[in-house]
Amino acid sequence: MSSETVIVVPCFNEAARLDLAAFAAFLEYTESVSLLMVDDGSTDGTPLVLERLRLRHPQRVSVLRLGTNAGKAEAVRRGVRLALRHAPAMVGYWDADLATPLEATLGFRDLLMARPELSLVMGSRVALLGRQIRRSWKRHVLGRVFATLTSWVLGLPVYDTQCGAKLFRVTPQVANLFRRPFRTRWVFDVEILARLAASGARDTTYEFPLECWQDVAGSRLRPSDFLVAGWDLAAIYWCYSPRWSRLSDVPVQHPALAEDTIRPLSQRDAA
């Protein structure tokens with residue numbers, strides 16, 4: 001995993017949805033990008049599917065297995081921390097369903113290279129004429145409500161925090177964003193922005209309007225999850241608002257994982 005850019009892909013029971021052909025095609029025509037697939041304690045055939053991808057591209061694909069399901073936030077955090085050990089120039093995370101095509105990574109990377117003042121480029125699902133943004137109207141409305149609340153909590157005019165396509169320039173400041181477990185499981189993307197703002201880098205994020213995005217069947221997101229997300233937003237405000245900033249240094253221990261529960265995919269697992 002020596003590429004300049006490493007993309008972390010969290011996976012939980014994704015055996016039926018992983019598009020291996022799309023991943024493989026991206027790797028075949030793209031240089032200097034590696035994939036770190038994180039199996040978040042899957043109970044289906046996901047480990048075998050990931051191993052097939054790794055065997056096809058052993059120099060470009062790594063697999064990290066978590067012993068128990070810890071949730072997307074912790075899977076991403078652990079994956080990013082592992083990727084950082086290999087000192088890439090950029091690291092990001094991407095949804096396993098490829099609702100955002102992996103090709104968008106290249107535009108994100110070009111922007112970070114051209115704009116050295118930026119720390120983070122994140123996809124934004126803006127339904128403009130000439131673009132292919134296919135999103136159900138219910139999720140769009142709920143997303144707009146959530147984005148409005150998020151803007152108020154963060155004090156930033158952010159349009160779309162929850163798109164699962166983000167790329168960071170690797171710096172000590174960015175590495176520190178992933179040092180401690182997130183307090184929230186559902187809206188850790190917002191918590192990353194809150195941590196970035198608290199570090200003094202609130203103006204180093206760029207929202208990249210996507211050319212293409214589409215809902216993929218099989219999403220586990222339910223309308224009731226937006227209620228949980230609202231509670232998480234309140235927790236972020238409490239922990240990261242300047243008024244309460246002293247609380248942001250309190251360490252958080254993830255209840256499900258310890259370091260020794262993370263291990264690479266072994267031949268025995270693939271058998």
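Let's start with W152. Is this residue buried or exposed? W152 has a relative accessibility of 63%, so W152 counts as exposed. The cut-off for exposed is over 50%. Keep in mind that this is a predicted model.

Now, who is the ring partner of W152? W152 forms an aromatic pair with Y237. The two ring centres are 5.5 Å apart, and the planes make an angle of 20°. That pair is stacked. Where do the two residues come from? W152 belongs to helix α5, residues 137–154. Y237 belongs to helix α8, residues 225–240. They are 85 residues apart, and the pair links distant parts of the chain. Y237 has a relative accessible area of 30%, so Y237 is partly exposed.

Let me step back to the whole chain. There are 271 residues, and 50% of them count as buried. The chain has 9 helices and 10 strands. Take the contacts between residues at least 6 apart in sequence: 82% of those join residues at least 24 apart. As for the surface, the chain exposes about 13,100 Å². Carbon and sulfur atoms supply 57% of that area.

Back to the rings. A pair of aromatic rings is described by the distance of the centres and the angle of the planes. How many aromatic pairs are there? The count is 9. One of them is F26 with Y29, with centres 6.2 Å apart. Their planes stand at 75°, so this pair is edge-to-face. The cut-off for that label is over 60 degrees.

F26 and Y29 both sit in helix α1, residues 20–29. They are 3 residues apart there, so about one helical turn separates them. How exposed is each one? F26 is at 0% relative accessibility, so F26 counts as buried. Y29 is at 48%, so Y29 is partly exposed.

Some rings group together. Ring pairs link Y93, F168, F178, F182 and F188 into a cluster. There is also a charge over a ring. The charged end of R125 sits over the ring of W213, 4.8 Å from the ring centre.

Next, the nonpolar cores. The largest one holds 40 residues. Which members touch the most others? They are L36, F168, F178 and I192. Helix α3, residues 72–84, gives this core its largest share, 7 residues. Look at F178 in more detail. Leaving out neighbours within four places in sequence, F178 is in contact with V76, R77, V80, R81, F168 and I192. There is a second, separate core too, with 33 residues. C11, L50, L53 and A96 are among them.

C11 comes up again with T46. T46 lies in helix α2, residues 46–56. What does T46 touch? Not counting residues up to four places away in sequence, T46 touches C11, N13, E14, A15, L18 and D39. The relative accessibility of T46 is 0%, so T46 counts as buried.

Last stop, T68. This residue is in the loop between β3 (61–66) and α3. T68 has 37% relative accessibility, so T68 counts as partly exposed. T68 and D40 are 28 residues apart along the chain. Their C-alpha atoms are separated by 6.7 Å.

Technical notes:
Residues numbered from 1 in each chain as written. Predicted model: local features only at pLDDT ≥ 70, side-chain atom pairs only at ≥ 80, totals over all residues. Heavy atoms only, no water. Core = buried A, V, L, I, M, F, W, Y, C linked by side-chain atoms within 4.5 Å. Buried < 20%, exposed > 50% of the residue type's maximum accessible area, 1.4 Å probe, protein only. Helix = DSSP H or I, 4+ residues; strand = E, 2+ residues; numbered from the N terminus. Contact = heavy atoms within 4.5 Å. Areas by Shrake-Rupley, 256 points an atom, 1.4 Å probe, with all protein chains shown as cover. Phe/Tyr/Trp six-rings, centres within 6.5 Å; stacked < 30°, edge-to-face > 60°. Lys NZ or Arg CZ within 6 Å of the ring centre and 35° of its normal.
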